[in-house]
Amino acid sequence: MELKELFLRNVAKYIRPQTDPVAVKLVFDGAEPPEGAVMPMDKFGYPLTVCQGVSAARRMGFTMVFRKEDHACPPALCAMGYLPTENLLAGKVTVPGYAGSEEAAVKIEAANVLLEKAPDAIWIAPYESAAFEPDIVLVYGNSAQATRLAQGYAYYTGDGVASYTLGRLACASYINKVYVRQEPTIVIPGGGERVFGQTQDDELVFALPAKFIETTAKGIEAVHQVGYARYPTGFHGITAKPKLPGKYYKYLMPSK
């Protein structure tokens, strides 16, 4: 079974996300974009945020291509190497909105992982229909689903999965950070992604480097088969003896 088929089958069967897993590729070799891909400036006449592109892929099945001119978010343009980062790293856009002092602002921005070289484009598509091999796969879900994915990753690697958020610029975490460090990460989306990408309040992002697709897929299934942890979560009370109000029995079932 091909890795894509294995991963998608096991995620669908054992994780049950409400939206499609998303394939992300950073293109540095000038490759032609996938046929039928949507490039925001060409399609709409205006740029979009990357989180909008991710949502378009996972909810609407679009293949999205983001060149420099297709990005609407200046902080993302800085983080992904398209714009100078001096003012971003100095906290100019962070005070007072996200930081109470310049010192805190600088510290917040220094925590972002910035790409040293800007890609020619970023390709984003539903993993199932992606016509390219991804660098990263994103699975959106609730905390229980993210836990199951982490269990799948840990089953063969023995490693935990860190959760990370600065409350903003989530794309720099689930794309840049995962691409550069090659470690899976559970990311809490920021406010911008909720406003523009319409990510729901209960959604987390499980971002997985492509090199862990096979072991994670197999681990998800293995944990399920053992039966210790499953999704949907099993509740002991479902098979516990019901205890109902006494008068139900007194008046409706006198023989009891």
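Good morning. An open sheet of 7 strands runs through this structure in the order S2-S3-S1-S4-S7-S6-S5, and its pairing is mixed. Please keep in mind that the model is predicted. At the edges of the sheet stand strand S2, residues 64-66, and strand S5, residues 162-164, each of which pairs on one side only. From one strand to the next, the twist averages 25°.

Let us turn to one pair of neighbours. Strand S1, residues 22-27, and strand S4, residues 136-141, are joined in the antiparallel sense over 3 bridges. Within this pair, Val-24 has Ile-136 of S4 standing opposite.

Which helix packs on the sheet? That is helix H8, residues 171-181, which touches S1, S4, S5, strand S6 (185-187) and strand S7 (204-209). The direction of H8 makes about 145° with that of S4.

I now come to a pair of helices. Two packed helices are described by the angle between their axes and the distance between the axes. For helix H1, residues 3-15, and helix H10, residues 213-226, the axes come within 9 Å and cross at roughly 35°. The crossing of H1 past H10 is left-handed.

Which residues meet at this contact? H1 contributes Leu-3, Leu-6, Phe-7, Arg-9, Asn-10, Val-11, Tyr-14 and Ile-15. From H10 come Ile-213, Glu-214, Ala-217, Lys-218, Ile-220, Glu-221, His-224 and Gln-225. Sorted by class, the contact between H1 and H10 has 9 nonpolar, 3 polar and 4 charged residues.

To review, we have seen the open sheet of 7 strands, helix H8 packed on the sheet, and the left-handed crossing of H1 and H10. Thank you.

Notes: Residues are numbered from 1 along each chain as its sequence is written. This is a predicted model: local features need pLDDT of at least 70, side-chain atom pairs count only at pLDDT 80 or more; totals for chains, interfaces and linings use all residues. Side-chain values use heavy atoms; hydrogens and water are left out. Axes are lines fitted to C-alpha atoms, for helices over the stretch in contact, and angles run from 0 to 180 degrees between N-to-C directions. Helices (H or I, at least four residues) and strands (E, at least two) are DSSP runs, numbered from the N terminus. A crossing is left-handed if the near helix is turned anticlockwise from the far one by less than a right angle, and right-handed if clockwise. Contact means heavy atoms within 4.5 Å. Ala, Val, Leu, Ile, Met, Phe, Trp, Tyr, Cys and Pro count as nonpolar, Asp, Glu, Lys and Arg as charged, and the others, Gly among them, as polar. Two strands pair if DSSP finds at least two bridges between them.
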